[in-house]
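Good morning, and thank you for joining.

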Amino acid sequence: MKFPPSFSWHETSQEDGKKYDPELVFQAGLKHHGISNTAFPIAHRSTMQPYKVPNDDIESVAVQVWDGVSEMSLYVHIPFCEQRCRFCEYTVVKNDRSYPQETMYFDALGREFVMYGNLIVPKDKKIVGFDIGGGTPSFVDVRHIKQVIDSAVGCFGLSSDIDISIETTPKIAALDFKKMQELHDMGIRRISMGIQTVNPALLADVGRIATSAQWNIEAAEHIYRAGFERFNVDLMYGFARQSLESVEATIRHAIALDPHYITLYRMRYKGTLLKSDAENVSLEDVNRQVTLMKTILKEGGVYRQIWKKHF
Ligand SMILES: C[S@@+](CC[C@H](N)C(=O)[O-])C[C@H]1O[C@@H](n2cnc3c(N)ncnc32)[C@H](O)[C@@H]1O
Ligand code: SF4
């Protein structure tokens, strides 16, 4: 693979070049279990930053890294949300329904589609997946989501047999059936909804106030009625002040909604507004919570059924 001379992400940073005793690394991982894992797209100054492609090189690097690749997936990040949950690790903008801000963002996205469409010649590549994530993509005007799908079709030759996936909150799915229908009708077949927990006190504690168990039920009904073929529910564990009783109530509630998938997210504290809570969660607590959820999922074969049906 050839890169421009100024491009240097393949050079190991000084920090990453240091060698440590594996036993010490293991112990540090156990001690800092709440922050020692991470996820895209957090930009850490000492981990990701040294490997960032300089702005001037982005286009030429894009051409080179995609050269000769026959299959690719698209991901579009929609950063807008109605609220900023304190646990959230993603790149998010709290939006007050200011359409000019939204319109500017989607127009810029459209220009990126055109640029990358021209640069990497997607006609000779098969698009095998398309995820519209966030943030809360269902929060924005549906015309903007349609604009993104049309750009993907026009610039990357996205075909109609690709399962497009989107994310929503329970509130939007529960209160706006028409929007669910419109999203489905524009070709989106998979939808993912964040429940996290059904404990109202814990939801308030982690800054996720606009939600309720009743909304989860209505949201699931709307999602099925709109015709989505694949429905995923996100749950979270590893919060400080999260009891085993509330973990159990949450997993039983999620199973009762009968989704195709249940994704269990262990709380990752690094870079979030809850980072000071990390030291109040022991590895034993976290392991007890996830073991309980998996046991309940396995009861009656729910776990296996989900697994067998969809993988
Ligand atoms: C893009 S986010 C949220 C989608 C949607 N906006 C919502 O709130 O339902 C996808 C999922 O990531 C998980 N998540 C968010 N922050 C996290 C963190 N700090 N650690 C682990 N999982 C997290 C949540 O379960 C969330 O539903
Ligand atoms: S969890 Fe969802 S709604 Fe909350 S800030 Fe993150 S993306 Fe937005």
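**Backbone and ligand site**

Asp 258 counts as exposed because its relative accessibility is 53%, where exposed means over 50% relative accessible area, with a 1.4 Å probe and protein chains only. This is a predicted model, in which local features need pLDDT of at least 70, side-chain atom pairs count only at pLDDT 80 or more, and totals for chains, interfaces and linings use all residues. Residues are numbered from 1 along each chain as its sequence is written, chains are lettered from A and ligands numbered from 1 in the order in which they are written, and side-chain values use heavy atoms, with hydrogens and water left out.

Asp 258 has a positive phi of about 60° although it is not a glycine. Arg 241 also has a positive phi, near 60°, and it too counts as exposed, at 53% relative accessibility. Most residues other than glycine have a negative phi, and most peptide bonds are trans. The peptide bond from Gly 134 to Gly 135, however, is cis, with omega near 15°.

Gly 135 brings us to the ligand. A backbone N or O atom of Gly 135 lies 3.0 Å from a nitrogen atom of ligand 1, a polar contact (a pair of N or O atoms within 3.5 Å). What lies 2.7 Å from an oxygen atom of ligand 1? It is an N or O atom in the side chain of Gln 196. A polar backbone atom of Thr 168 is 3.3 Å from an oxygen atom of ligand 1.

Note on methods:
Polar contact = N/O pair within 3.5 Å; in protein donor to acceptor, adjacent residues only side chain to side chain. Buried < 20%, exposed > 50% of the residue type's maximum accessible area, 1.4 Å probe, protein only.
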